[in-house]
Amino acid sequence: MPTLSIRNVKLNVEAIVLVADLVGTVVFAVEGALSAMRGGLDLLGVMVISFVAALGGGVIRDLLIGDTPPNAIRDWRYPALTFATGVVAFIFHSAAQQFPIGLVTVLDAAGLALFAVAGVEKALLFRIRPFVAMLMGTVTGVGGGAIRDVLLARVPVVLHSDIYATAAFAGAFTVVAARRAGLPPGLAALAGGMACFVLRVLAVSYGWHLPKASLG
Amino acid sequence: MPTLSIRNVKLNVEAIVLVADLVGTVVFAVEGALSAMRGGLDLLGVMVISFVAALGGGVIRDLLIGDTPPNAIRDWRYPALTFATGVVAFIFHSAAQQFPIGLVTVLDAAGLALFAVAGVEKALLFRIRPFVAMLMGTVTGVGGGAIRDVLLARVPVVLHSDIYATAAFAGAFTVVAARRAGLPPGLAALAGGMACFVLRVLAVSYGWHLPKASLG
Amino acid sequence: MPTLSIRNVKLNVEAIVLVADLVGTVVFAVEGALSAMRGGLDLLGVMVISFVAALGGGVIRDLLIGDTPPNAIRDWRYPALTFATGVVAFIFHSAAQQFPIGLVTVLDAAGLALFAVAGVEKALLFRIRPFVAMLMGTVTGVGGGAIRDVLLARVPVVLHSDIYATAAFAGAFTVVAARRAGLPPGLAALAGGMACFVLRVLAVSYGWHLPKASLG
């Protein structure tokens with residue numbers, strides 16, 4: 001029964017993407033909630049930061065490519081999920097703080113990879129030029145964290161430490177390059193996601209940083 | 001002459017909404033101007049903050065629901081009103097600082113209620129789903145103050161103190177719930193506005209706050 | 001051969017505008033890069049700030065007037081130019097810091113003038129009302145620097161010191177006024193650009209500032 005088995009595979013890919021998307025959203029929301037609580041915000045502030053940390057990157061992308069209302073707002077389940085995550089993280093904040101850092105890093109890298117790949121694909125679908133589409137993928141991955149930091153009145157972490165946006169860009173770049181090389185879209189997406197994920201995890205493991213200039 | 005009297009009533013409702021809208025805009029602009037002067041901004045900075053504090057929430061809403069150019073920019077009288085308010089507040093800043101705090105709170109709550117109700121109604125009109133429309137109402141009410149605080153390089157007040165966005169959300173929620181319960185739009189709007197206004201005034205009177213989590 | 005000579009003139013005007021546009025973009029990007037390095041950002045942060053400082057104003061304008069995707073993203077050469085500028089400024093930061101301040105001021109004023117004029121013209125083209133079009137011109141000129149400062153977690157310089165946004169607004173105002181007075185668009189643009197440039201250079205030369213209110 002080949003049809004059925006192909007269908008099953010397709011369903012499984014969709015299921016994997018959906019699970020990865022939900023995991024990424026929840027992980028980003030929890031990280032946002034913890035930042036917000038550390039910044040002394042109240043319950044509402046925690047919920048707002050959970051929302052923007054998880055979905056802000058996609059909102060910026062959609063505003064820029066002209067797809068309004070943005071996805072995160074068209075589908076009410078995404079904001080609802082992030083608010084609920086914020087509330088849960090607020091209530092169980094002691095537990096949320098004690099997640100093993102390694103696990104958080106891996107889940108965060110998975111979320112980043114998925115967001116970057118989904119972002120570049122959506123931009124390409126909207127006929128954005130490849131180079132700019134890579135930027136849109138990067139923004140999808142890191143934009144939420146940047147808004148989170150701006151709302152907490154601090155310089156976005158992504159601008160001054162770690163290989164993070166670089167990993168997102170590498171993933172988005174890989175998607176475009178793999179498609180150009182003739183790979184089918186599904187494989188190109190997989191390659192891009194792996195590139196982002198592996199680079200990010202390696203960077204954290206080995207403490208890689210981008211250079212800084214020392215100005216007087 | 002029933003027609004005439006109905007018409008009169010309608011005209012009066014429109015007049016009330018217009019007055020409330022202008023009052024809300026001016027109050028938010030004056031509060032923005034005072035924040036800007038306390039932050040050491042110059043005359044232009046005061047005018048800009050007056051503008052964003054009063055109209056920024058509506059601009060965010062319109063960008064998100066895809067109604068561009070935003071209202072605040074399509075009708076030149078709104079930016080002109082906020083700039084003029086900024087200039088007047090700049091010149092008479094001693095007087096502006098001495099408004100009775102109770103009066104400012106009541107006028108601000110009235111402005112918040114109107115912005116929240118107008119925001120949710122516009123979102124519903126643009127076929128945004130009810131839950132997200134409530135969020136758009138909330139953003140209309142509190143978004144301007146949030147941009148004001150970001151431009152003044154501080155954490156938005158709305159994220160860490162007071163029942164403020166919560167009151168806006170309660171008002172927007174009431175509008176949707178009242179419509180679902182079969183109330184005509186006018187009454188639903190009134191109910192929503194009252195809910196927001198009363199909750200806000202009570203919260204200030206009794207010093208209600210949302211809970212915070214204490215993270216080490 | 002009158003046709004040819006007219007064509008030559010037209011080509012020259014276009015060439016001048018293109019050169020001015022590129023100069024403005026590069027100057028804003030270099031200034032952004034230096035701010036970013038002073039703020040301790042890494043190479044990626046420097047590239048991002050170069051991009052937003054140079055192109056952020058135009059992006060805000062395009063989002064507000066509803067022209068998405070914004071210019072800065074539709075034409076990949078602009079982001080590429082600003083990223084490349086960021087990298088070059090990063091590598092040669094000692095040299096970049098030693099540009100004569102007078103030259104930087106003049107080039108920056110030229111960029112501001114061009115951005116303000118281009119911004120008001122684009123807004124008018126999109127049928128934005130004259131007063132709001134002037135605001136769009138101003139935002140085109142100063143918006144990038146404002147986002148740069150917000151990302152560096154500080155109050156935008158443009159809000160508290162110097163005649164800068166005022167010069168941009170004066171330029172945009174002049175464009176509209178000159179058109180109303182019957183000048184052909186090209187001359188109106190020239191007059192607006194000169195008004196902005198001269199006011200800005202005079203303000204720096206003579207240390208002109210807008211007034212501030214001292215609040216207790």
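Predicted model: local features only at pLDDT ≥ 70, side-chain atom pairs only at ≥ 80, totals over all residues.
Let me start with a single chain. The unreviewed UniProt entry lists, under "transmembrane region", residues 12-37, 43-64, 76-95, 101-120, 132-151, 157-178 and 187-208 of chain A. If we take two of these spans and look at them in the model, we find that residues 43-64 of chain A are 100% helix and 0% strand, with their end C-alpha atoms 30 Å apart. Residues 132-151 of chain A are likewise 100% helix and 0% strand, and here the end C-alpha atoms lie 26 Å apart.

Now to the way the copies are related. In general, two copies of a chain are related by a rotation about an axis and a shift along it. What rotation and shift superpose chain C on chain A? The rotation is 120°, the shift along the axis is 0.0 Å, and the RMSD is 0.0 Å, which is the relation of a three-fold axis. Chain B, too, can be laid on chain A by a turn of 120° with a shift of 0.0 Å along the axis, and the RMSD is again 0.0 Å.

Which residue of chain C comes closest to that rotation axis? It is Ala153(C), whose C-alpha lies at 3.3 Å, and in chain B the closest residue is Ala153(B), also at 3.3 Å by its C-alpha.

Keep that alanine in mind as we turn to the cavity. The structure holds 1 cavity of 30 Å³ or more, and about 60 Å³ of space lies in the largest cavity.

Finally, consider the contact between two chains, where 29 residues of chain C are in contact with 29 residues of chain A. The area buried between chain C and chain A is about 2300 Å², and carbon and sulfur atoms give 75% of it. On the chain C side, Asp42(C), Leu44(C) and Ile73(C) lose the most area to chain A, and together they account for 25% of what that side buries.

Why do we say that chains B and A meet through different surfaces? Because only 10% of the interface residues of chain B are also interface residues in chain A.

Notes
Residues numbered from 1 in each chain as written. Chains lettered and ligands numbered in written order. Heavy atoms only, no water. UniProt positions renumbered as here; feature names shortened; annotations may be inferred. Helix = DSSP H or I, 4+ residues; strand = E, 2+ residues; numbered from the N terminus. Least-squares fit on C-alpha atoms with pLDDT ≥ 70 in both. 1 Å grid on protein atoms, 1.4 Å probe; cavity = no way out; pocket = protein on both sides within 12 Å on 5 of 7 lines; lining within 4 Å. Points joined across faces, edges and corners; volume = space filled by probe spheres on them. Contact = heavy atoms within 4.5 Å. Buried area = accessible area lost by both parts, 1.4 Å probe.
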